[in-house]
Amino acid sequence: STDLIDMAVYPNPAMSQPIIQFTLQSASRLQIVVFDALGRRISTYPDALWEGGTHHLKLDLGNRGAGVYFVRIVVDGVASTRSVTMTS
């Protein structure tokens with residue numbers, strides 16, 4: 001079981017920087033990684049200890065173009081992944 005209760009990426013599809021929203025029951029160390037449709041790592045947010053509660057984080061795609069991207073959050077070894085479609 002994991003402390004990650006809920007994860008969403010919005011708006012989806014998005015034209016600019018979408019938002020990652022996630023909720024933690026308690027303080028947890030987590031890793032956030034963004035991949036493109038070919039599985040290439042686009043950006044990695046530093047491993048950090050996050051307080052419990054709901055968090056909102058702007059998604060950094062490094063000025064990539066239109067396409068499908070995947071956001072993976074790992075909490076206590078358990079991964080949750082959501083896709084986001086970027087339009088031009």
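Of the 21 residues that make up the largest nonpolar core, Phe22 and Ile32 touch the most other members. The model described here is predicted. Strand E1 (4-10), E2, E3, E4, strand E6 (67-75) and E7 each supply at least two residues of this core. E6 gives the largest share, four residues. In soluble globular proteins, nonpolar side chains tend to be buried together.

Phe22 also takes part in an aromatic contact. The structure holds one aromatic pair. Its members are Phe22 and Trp50, with ring centres 5.1 Å apart and planes at 75°, so the pair is edge-to-face; planes over 60 degrees apart count as such. Phe22 lies in strand E2 and Trp50 in strand E4, so the contact ties together parts that are 28 residues apart in sequence. Both Phe22 and Trp50 are buried.

### The open sheet

Four strands form an open sheet in the order E4-E3-E6-E7, and the pairing is antiparallel. Strand E4 (41-50) and strand E7 (78-86) stand at the edges; each has a single partner strand, so one side of each is left without a neighbour in the sheet. From one strand to the next, the twist averages 15°. Strands of a sheet pair through backbone hydrogen bonds, either parallel or antiparallel.

Strand E3 (residues 28-36) pairs with E4 in the antiparallel sense over seven bridges. Within this pairing, Arg29 stands opposite Leu49 in E4, and Val33 stands opposite Thr44 in E4. E3 and E4 form a hairpin with four residues between them, and Gly39 in the turn has a positive phi of about 85°.

E6 and E7 run antiparallel and are joined by nine bridges. Here Phe70 stands opposite Ser83 in E7. These two strands also form a hairpin, with two residues between them; in its turn, Asp76 has a positive phi of about 50°.

Which strand holds Asp36? Asp36 is placed in strand E3. The relative accessibility of Asp36 is 7%, so this residue counts as buried, the cut-off being under 20%. The side chain of Asp36 reaches the backbone nitrogen of Leu38 at 3.0 Å. Asp36 also forms a salt bridge with Arg40, the closest N and O atoms being 2.6 Å apart. The structure has one salt bridge by the rule used, which asks for a side-chain nitrogen of Lys or Arg within 4 Å of a carboxyl oxygen of Asp or Glu.

Thr23 lies in strand E2 (residues 19-24). Is Thr23 buried or exposed? Thr23 counts as buried because its relative accessibility is 17%. The side chains of Thr23 and Thr54 are joined by a polar contact of 3.0 Å. Thr23 and Thr44 are 21 residues apart along the chain, and their C-alpha atoms are separated by 19 Å.

| Residue | Partner | Distance |
|---|---|---|
| Asp36, side chain | Arg40, side chain | 2.6 Å |
| Thr23, side chain | Thr54, side chain | 3.0 Å |

Taken by strand, E2 holds Thr23 and also Phe22 of the aromatic pair. E3 holds Asp36 and pairs with E4. E4 in turn carries Trp50, as well as Leu49 opposite Arg29 and Thr44 opposite Val33.

Terms used. Residues numbered from 1 in each chain as written. Predicted model: local features only at pLDDT ≥ 70, side-chain atom pairs only at ≥ 80, totals over all residues. Heavy atoms only, no water. Buried < 20%, exposed > 50% of the residue type's maximum accessible area, 1.4 Å probe, protein only. Polar contact = N/O pair within 3.5 Å; in protein donor to acceptor, adjacent residues only side chain to side chain. Pairing = 2+ DSSP bridges. Axes fitted to C-alpha atoms, helices over the stretch in contact; angles between N-to-C directions. Core = buried A, V, L, I, M, F, W, Y, C linked by side-chain atoms within 4.5 Å. Phe/Tyr/Trp six-rings, centres within 6.5 Å; stacked < 30°, edge-to-face > 60°.
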